[in-house]
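These are my notebook entries on a single chain.

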Amino acid sequence: MKKIVLLTVLISSLISNANVAKKDEFKPVLLSTVEMTTFSDLSKKTMVLGTLFNNPMISTMILTSLQQAAELQYGRVRTDSPITAYVYQTSPIKKDKDAKDGFFDCAVCVIYPSAEKPNTFVMSRPGATKGADGVIEIPETVDKPKSYVVYSADKKFSAHCENLNIAKKAIADFSLSHKAHNVFSEILKAEIFTPAIDLLANLYEMNGNDECGKAALISTNRKAEIARLKSFKSISLSFDLGEKGIEIKAVAIRKTAEKNKYKNLALTPDLLNVPEAPSLFFAVNHKYYYENEEVSPEMIGEVLSLIAKNVESKKVQTFINNVIPALKEYTAKYQKANKADKNAEIVWIGTDKDKHIYLASYENSTSLYDESLTLLDKCIAAQNNVWGANSFFVKGKNPGDFTFDVGKLIDIEGVEPGKSVPPEVTIAKGKIKSIVGDTKIYIGVKKVGNGVLEYVSTPGYMPEIGKGNGEKDFLEVIPEAATKRPVAVVYMGFYSFVRDILLPNIAKTASVAERQQYDMMIMTMPKALPKSAIASAVWAEDSKEICLLRVTANELKNLGAVFNVFTAAAMSAGEEQDKKQ
């Protein structure tokens, strides 16, 4: 489903950088439409946001700024109809001068619910003229190119575009599709059609073959990814805001209906309940992930080689280069082993009793337990070859116990023999200790139940598993997942993560004065309300693949409380500054 987000980003980028079509021999192709709800409906929805933020000014600000921007560009607006943008391809795929990347021209036409008749609109635009055919031409200015306006037959809608032919086509397409009578509930809705999907798949196929890293940036599943893109008939995206919070949804529809191949890959409640009350977790079925997002071992090698080249220390360079073969080998084995139907993993961030951050993952299979230990053993061997035995990365007494002494590594690389310790070395070690609780980091690889727990934490701390409420917390945000079991989920108590984990740990590394400011900031932030979270899920139906993201109303209320506190503080500071002047 990441591809859905990627398609949207690519289309936005191509729209903003494309040239207006100048050749008439290519028949324009409709790629996408984007609709914004009526200003009447938008007014109601922004009022909800103002209520959640406990700040009506936000509603007024958003609505006023959007309406002013629209009317400045397109004239007075009728508030009973949506605004629609049509995106057309206006040239075949072409090659640039170096024949490396393919690109195409496209044009965007805005269909606007105008409250002004053509003559009134012309009078409000200096230099604008209306031809005998009713077409309005707006001359070029310093910051805007020449554009055209074509009205619908009933004069209720106007098409605005820099390309006259596209303006005429868009208003005709709009009239034929009866968009004037189309009412939808979302604030924004986009439709990406088959030609756009096929076009972008072809560009993806063409544009990954240059020297900028075809091995590093392209996965071994490239052909499968392109075929998967081409399997979709259309993709719809929507954004909405209501009393339940913010909702962003993407639905990809396949060209041919097929049995839901992800039915057996659904995540089970017991996996989501593994972590102990995390602020953030991510879970995914491995087969789903590696069929769609596989990262090649070659990519791992290329990325690490690039990192090594940019490291000043020759010893560190040698160490990284020595580790690359082991990581590539492990990646290949990992991907092969994790294509079984039920293999799934959850990754989470938590804190121990002293509020030190740890990172952990649990996989419901033990197939790679030995390979994980072998990988760490090879990393220790690579270290020994460069710095000598037992330098800073060592095995513990028990199987699966490893210690990485970051402080010792800083001393080795940051202090020259026979010279005093530089202040920056002492500061760096102090910051690490304040966050982790020690300059040593503990790495654990343990068999637990039917799976493997891997974690990075303060020495001596092992996360407990099997006592969490991840399933319950997640379903409070996305109840649909109870029956439409997802293959991938993300859950984050963003506000509580920032308030209870991130800011306190940043404060620990700050100067005394800055620490006081952070402490004051944290004190002004109220405790998170119940059911405050951001969550996302991916699941599939027979001919659809669906991704849903929600930000709960209480999470918005939390953020609104912080916004109001900091806004009041900024205004107060500004008033004090004015008094001094």
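The side chain of Asp-377 forms a salt bridge with that of Lys-395, at 3.4 Å from N to O. Lys-395 belongs to strand E16 (residues 393–395) and Asp-377 to helix H13 (residues 369–387), so this pair ties together parts that are 18 residues apart in sequence. I class Lys-395 as exposed because its relative accessible area is 54%. I also noted a network in which salt bridges with shared partners join Arg-228, Arg-254 and Glu-545.

I recorded the conditions of the entries. The model is predicted, and local features need pLDDT of at least 70, side-chain atom pairs count only at pLDDT 80 or more, while totals for chains, interfaces and linings use all residues. Residues are numbered from 1 along each chain as its sequence is written, and side-chain values use heavy atoms, with hydrogens and water left out.

For the salt bridges I use this criterion: a side-chain nitrogen of Lys or Arg lies within 4 Å of a carboxyl oxygen of Asp or Glu. How many salt bridges does the structure hold? I read 19 of them. One of them joins the side chains of Lys-45 and Asp-240, at 2.9 Å from N to O. Lys-45 sits in helix H2 and Asp-240 in strand E11 (residues 232–242), so that distant parts of the chain, 195 residues apart, are linked. Are Lys-45 and Asp-240 buried or exposed? Lys-45 counts as buried because its relative accessibility is 12%, and Asp-240 counts as buried at 18%.

I then checked Asp-80 and Arg-78, whose side chains meet in a salt bridge at 2.7 Å, N to O. Asp-80 counts as exposed at 55% relative accessibility, whereas Arg-78 counts as buried at 17%.

My next entry concerns a helix pair. Helices (H or I, at least four residues) and strands (E, at least two) are DSSP runs, numbered from the N terminus. Helix H15 (residues 423–436) packs on helix H17 (residues 494–509) at an angle of about 150°, and their axes are 8 Å apart. The axes are lines fitted to C-alpha atoms, for helices over the stretch in contact, and the angles run from 0 to 180 degrees between N-to-C directions. H15 and H17 are therefore roughly antiparallel, a class that takes angles over 145 degrees. I found that Lys-431, Ser-434 and Ile-435 of H15 meet Asn-505, Lys-508 and Thr-509 of H17.

Where does Asn-55 lie? I located Asn-55 in the loop between helix H2 (39–52) and helix H3 (56–74). Asn-55 is buried, its relative accessible area being 12%. With neighbours within four places in sequence set aside, Asn-55 is in contact (heavy atoms within 4.5 Å) with Gly-50, Phe-563 and Asn-564.

The chain has 19 helices and 22 strands. Of its 581 residues, 45% are buried. Among contacts between residues at least 6 apart in sequence, 68% join residues at least 24 apart.

How values were computed. Buried means under 20% relative accessible area, exposed over 50%, partly exposed in between (1.4 Å probe, protein chains only). Angles under 35 degrees count as roughly parallel, over 145 as roughly antiparallel, 65 to 115 as roughly perpendicular and the rest as oblique.
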